[in-house]
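Let's take a walk through a protein model together. Keep the picture open while you read, and look up each spot as we come to it.

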Amino acid sequence: MWFFFALATTLLWGVAELFYKKGAKPYEKYSHLKISMIVGFVMGIHAIFVFITSFIIGGEVFDPRNFYIYLPVTFCYILSMSLSYFGMRFIEESISDPIENTSGALCSVFCVVFLGDEMSVWAVTAVAVLLVGVLGLGFLDNSGETDRKKVLGKKMALVAFAMPFLYALFDAIGSTLDELYLDIEISPLVNVTEDSIELVANTCYEFSFLIVGIIIFIFIKAKGEKVELPKQGDKILAAICETAGQFTYVYAMSGGHGVISAPILSSVCVVSFILSHIFLKERLTKKQYVCVALVIIGILALAIIEGE
């Protein structure tokens, strides 16, 4: 079943990226905040459902202390996603998603630097290939026919293009922290078992996102902005796919299959790339395609090498 859950997660998150992009309208001032709000609401509903069913079926009660214990990880993940939603308003999904998926490579580097892990020569090579692709995209995004400054202005072009990099940074920090929080031997989470620790962490994350969603809702209403849910179809579908993928992810990574599932899950950027070309009609220059290919090859290679 873990293989099915890994494939399901990859597909769901790939589809979520498609609807995120469709919902992140550049002319809608608060579209990125509305996406975060809706994701928070959908994840919150799922967290409450898991909380109630766990109590009814298994008699288990989540220790409320875990919500603030897990807060550093939650903060990194929610911040990274919110930054990503802002960048989607101005950056092609074909470019932003591969850059965002470099978070796995950053996480590997952080684990080496801060946790004492080791990287093989092949893993370092994969990171180098990935880095060349990312640097190439950065150079091309500010030169020649692909110069984004001509469309957005110098300041906004810089801010927009920085968003996927910031996503990768904070997501990598969150993933690195998860290496500690999800290790049952050293985890600071309380009243958890090896079987429940990932589900508890995910529920804490989703419930915290609900609180963020409520805060954003209050902010948007205070600004006099209308939140018309019937007109937010793309955002709602993205949130549903994101949450469903988060649910299947827990089972894809459980039971000791995380090492094998990781390479499959890393192909989310490939799914997103294909869908953006089919449904969003995104087209890049030949040089950009080469750079994106290098990034994707680096991501997949690193996932396979680290999974061996």
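In which helix is the place of Ser103? Ser103 belongs to helix α6, which covers residues 103-115. Before we go on, keep in mind that this is a predicted model.

Now, is Ser103 buried or exposed? Its relative accessibility is 8%, and since buried means under 20%, Ser103 counts as buried. Who does it touch? If we leave aside its neighbours within four places in sequence, Ser103 is in contact with Ala168, Asp171 and Ala172.

Step over to the loop between α5 (93-100) and α6, and you'll find Asn101 there.

Next, let's look at how two helices pack. Find helix α4 (residues 71-88) and helix α10 (residues 197-222). Their axes lie 10 Å apart, and the helices pack at an angle of about 55°. That angle is why α4 and α10 are described as oblique to each other. As for handedness, α4 passes α10 in a right-handed crossing.

Which residues do the meeting? From α4 come Leu71, Thr74, Tyr77, Ile78 and Met81, and from α10 come Cys204, Tyr205, Ser208, Phe209 and Val212. Sort the residues of this contact by class and you get eight nonpolar, two polar and no charged ones.

One of the α10 residues in that contact, Cys204, leads us to our last topic: cysteines. How many disulfides does a search of the whole structure find? The count is zero. Let's see how that works out for Cys204. Its closest cysteine sulfur is in Cys76, and the sulfur atoms are 15 Å apart, so they are too far for a bond. Cys204 has a relative accessible area of 2%, so it is buried.

Then there's Cys111. The closest cysteine sulfur to that of Cys111 is in Cys107, at 4.1 Å. A disulfide needs the two sulfur atoms within 2.5 Å, so this pair is too far for a bond as well. And is Cys111 buried or exposed? With a relative accessibility of 6%, Cys111 counts as buried.

Notes:
Residues numbered from 1 in each chain as written. Predicted model: local features only at pLDDT ≥ 70, side-chain atom pairs only at ≥ 80, totals over all residues. Heavy atoms only, no water. Axes fitted to C-alpha atoms, helices over the stretch in contact; angles between N-to-C directions. Helix = DSSP H or I, 4+ residues; strand = E, 2+ residues; numbered from the N terminus. Parallel < 35°, antiparallel > 145°, perpendicular 65-115°, else oblique. Left-handed = near helix turned anticlockwise from the far one by under 90°. Contact = heavy atoms within 4.5 Å. Nonpolar A, V, L, I, M, F, W, Y, C, P; charged D, E, K, R; others polar. Buried < 20%, exposed > 50% of the residue type's maximum accessible area, 1.4 Å probe, protein only.
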